[in-house]
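Visitor: I'd like to learn how to read a protein model like this one. Could you walk me through it, feature by feature?

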Amino acid sequence: MKLVKYLSLVTLFLVTGMSYAQDESETPKREPGHYNNNRFKQLYEEFSTPNMFRTASGAPGPNYYQQQADYVMDIELDDKNKIITGFETITYSNNSPDVLEYLWVQLDQNVRAKDSKSPLIEPSGAVPADMASRFVGQYMGSPFDGGFNIQEVKDTKGASLPYTINQTMMRVEMPKNLNPGEKFSFSIKWWYNIPDHTIDRARSGYEVFEDGNRGYVIAQFYPRMAVYNDVEGWQNSQFWGRDEFALPFGNFEVNITVPADHILDATGELQNRKEVFTKEMMNRYEQAKKSYDKPVLIVTQAEAEAASKGFSTAKKTWKLKAEMVRDFGFATSRRFIWDMMAVKIGNRDVMAVSVYPPEGNPLWEEYSTKVVASTLKTYSRMAFDYPYHKAISVHAKNQGMEYPMICWNYGRPEKDGTYSDRTKYGMMSVIIHEVGHNYFPMIVNSDERQWTWMDEGLNTFVQYVAEQDFGEWYPDAIAPNKKYPSRRGPAKEIVDYMAGDQKTLAPIMTKGLNTYNFGANAYSKPATGLNILRETIMGRDLFDYAFKTYSQRWMFKHPTPEDFFRTMEDASAVDLDWFWREWFYTTDYVDIGVKEVKKFYVTSKMNKQVREMIAARGMKESDLPPLVYLVEEGSEDFEEGMRTSTLNDVKTLQEYIMDNIPAEDRAKLKNPKYFYEITFEKPGGIPMPIIAEFTYSDGSTERITYPPQIWRKNDESVGKVIASEKEITKIVVDPDEETADIDVTNNTWPKRKQLGEFESFKENVKGQ
């Protein structure tokens with residue numbers, strides 16, 4: 001019976017200790033629906049049930065399939081009239097287990113049609129002042145007629161096929177259903193007016209230079225097959241101008257006819273290089289294939305400026321082929337400079353390429369191709385070796401857009417050739433970002449139309465890694481800075497957004513078109529979350545292995561968010577459901593601090609709290625085994641002499657040691673002199689590791705990181721007892737701002753003194 005009493009009392013002590021200093025009356029109340037352990041529930045309710053197409057591990061299943069769309073195209077660009085005409089033959093392969101009754105084709109340029117509904121979904125209001133150009137375009141001009149003009153849709157026998165156009169989608173009726181394993185070929189003939197992309201930042205179009213020449217960056221220029229998959233059937237969600245694209249992989253043969261004096265580069269491998277290159281260009285190209293440290297000019301600035309003085313009426317056709325790509329884009333102008341440099345990726349050579357007008361120099365000639373090469377190396381390390389033979393960076397005013405093997409990027413010096421750091425780093429960052437899109441989503445082919453963050457967020461995360469790599473590989477390029485000034489990635493950069501008005505926030509897991517703060521929601525927040533996982537929660541080794549596993553599992557396939565979430569856990573053995581739920585499915589925030597610190601001394605004398613506990617159970621002190629008691633400094637039981645007492649003065653403790661611990665082990669025992677109970681609080685909803693830095697009286701510091709699971713049984717506050725040989729003089733939570741904590745005023749003990757304006761001014765003057 002006495003043993004039962006002992007065990008019961010010990011249990012009571014433990015429970016009391018666990019809940020100690022968690023006064024319910026002082027604890028902030030949670031919103032309805034939040035309860036202990038809710039944040040650590042598994043994501044079974046949110047996730048789809050695994051099946052034969054997509055497994056519970058996050059890998060493609062044994063019955064995974066994807067459709068294929070192959071294109072043969074003849075394109076002509078009319079420079080004089082700013083028109084593109086095209087004829088394409090599409091061969092669509094039904095690799096699904098389903099019978100298809102019709103096909104859906106995307107007509108992206110219809111977002112710019114005269115009768116487009118896209119402008120009608122955006123609210124507007126009267127502004128007190130506006131730019132004259134914008135006012136004219138808004139209220140006085142006629143809408144630009146930039147939609148597709150479909151001239152014919154026919155089968156291979158020349159018979160017309162019925163079709164229906166619904167805004168940016170076209171449904172094509174086939175003569176008969178397309179069964180699993182069958183293919184269907186049909187052709188489309190079309191034309192459209194090319195927009196000036198500088199007017200409203202169109203993703204594709206032309207720019208007019210001061211001499212009257214145009215630089216074209218052309219994409220979404222052909223009717224493109226929509227995706228059909230196991231998740232939602234046809235992805236035929238309308239293109240309203242923001243959400244980007246979901247596209248199947250396929251092979252392309254594209255012949256592009258442009259003025260004979262134009263320089264052109266595009267997705268795919270050039271098939272007739274000797275026909276379109278001069279002999280000098282061929283020689284330079286061969287040199288570039290052997291140059292790994294310095295770009296070789298294929299077309300010089302002097303040559304581009306000389307070509308700009310004439311407007312050839314002759315034509316030249318550039319022939320390209322690309323295998324296993326999801327899209328096609330090209331850039332062309334007589335005013336283009338062109339340089340190339342080889343970069344070693346794995347055991348292959350890849351050509352890093354830049355195309356830019358003289359307006360881009362000296363900035364572009366100095367940095368662009370080096371940035372392309374550096375980007376390929378970082379992304380290949382983080383994901384998989386770049387599989388294509390080239391990556392092209394094209395300079396276009398105010399642009400930032402990506403397609404397989406080619407992208408357009410901003411960053412233009414002043415007319416006198418000078419440029420600011422902001423312009424330089426802006427150019428470098430957009431090149432890294434857009435070249436990086438070759439990986440996400442051009443190869444790891446997620447559905448941009450639905451899950452913007454899966455390409456923009458993942459890509460922005462790796463962009464941050466690539467920016468830091470570039471600063472290490474090319475230190476002269478970022479001098480006098482010692483570190484690349486990344487705008488997105490570090491946790492502290494997302495704090496202002498996370499602390500924003502909840503009315504203007506949306507979960508990351510929201511269709512991009514419907515989100516507030518699109519840039520922060522789709523780019524910054526997911527990128528920052530992944531950086532926190534890598535640097536603070538998982539560690540680089542575990543994270544990088546899992547991230548690479550995801551990338552390699554899903555390269556040239558169509559992943560969903562669940563495939564990513566599941567793979568990251570499957571390959572790391574780190575349970576992250578709590579993180580995905582809070583960071584991706586809610587708009588909650590991080591706020592962790594030090595609520596209270598109590599100092600204790602050890603004694604053999606029973607304190608008041610224990611006396612009351614045993615009295616309530618009808619027990620007395622003689623019923624208890626020898627115990628060690630903790631007495632809080634300043635409490636009713638505290639005696640001044642305790643400050644100088646040591647563990648050697650605690651009789652019951654010393655008796656236990658002498659009776660139970662062998663002499664050879666006694667010397668190994670620690671001898672802490674100070675005992676603290678620290679209560680950490682979590683006013684914010686998102687659990688995070690508690691990164692606590694302790695400063696001791698001798699000036700030394702120590703960091704202890706408590707895993708996020710410390711919050712699993714109490715979502716609001718937790719206590720930790722620290723036994724130390726040195727006195728603690730300061731505690732700081734998250735000293736390096738790793739967790740996106742929105743309020744650091746509660747992160748320090750003792751509490752920082754809040755200075756008034758005059759005191760703050762004096763402190764600032766002292767620091768100068």
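**Reading the model**

Guide: Let's start with a pair of strands: E3 and E6 pair in the antiparallel sense over six bridges. This is a predicted model, in which local features need pLDDT of at least 70 and side-chain atom pairs count only at pLDDT 80 or more, while totals for chains, interfaces and linings use all residues. Residues are numbered from 1 along each chain as its sequence is written, and side-chain values use heavy atoms, with hydrogens and water left out.

Visitor: What counts as a strand here, and when do two strands pair?

Guide: Strands (E, at least two residues) and helices (H or I, at least four) are DSSP runs, numbered from the N terminus. Two strands pair if DSSP finds at least two bridges between them. In general, strands of a sheet pair through backbone hydrogen bonds, either parallel or antiparallel. In this model, Leu103 has Val172 in E6 as its bridge partner. E3 also runs antiparallel to E10, joined by two bridges, and there Gln106 is partnered with Arg224 in E10.

Visitor: In what order do the strands of this open sheet come?

Guide: The order is E5-E6-E3-E10, four strands with antiparallel pairing. Strand E5 (163-166) and strand E10 (224-225) are the edges, each pairing on one side only. E5 is joined by four bridges to E6 (residues 169-178), again antiparallel, and Ile165 stands opposite Met170 there.

Visitor: Is E3 enclosed or open to the outside, and why?

Guide: First the cut-offs: buried means under 20% relative accessible area, exposed over 50%, and partly exposed in between, using a 1.4 Å probe and protein chains only. E3 (residues 100-106) is largely enclosed by the rest of the structure, because five of its seven residues are buried.

Visitor: What is a nonpolar core?

Guide: The general idea is that in soluble globular proteins, nonpolar side chains tend to be buried together. Here a core is a set of buried Ala, Val, Leu, Ile, Met, Phe, Trp, Tyr and Cys residues joined through side-chain atoms within 4.5 Å. The largest one has 185 residues, and Phe186, Trp338, Phe564 and Trp583 have the most contacts inside it. Helix H7 (residues 363-382) gives the most to this core, with nine residues. Another core, of seven residues, lies apart from it and includes Ile614 and Leu627.

Visitor: Why is helix H13 largely enclosed?

Guide: Because nine of the ten residues of H13 (residues 561-570) are buried. Among them are Phe564, Phe565 and Arg566. The cover includes helix H9 (452-473), helix H11 (518-537), helix H12 (540-554) and helix H14 (577-585).

Visitor: How many helices and strands does the whole chain have?

Guide: The chain comes to 18 helices and 31 strands. Of its 768 residues, 53% are buried. Its C-alpha atoms fill a box of roughly 110 × 65 × 60 Å along the principal axes.

Technical notes:
Contact means heavy atoms within 4.5 Å.
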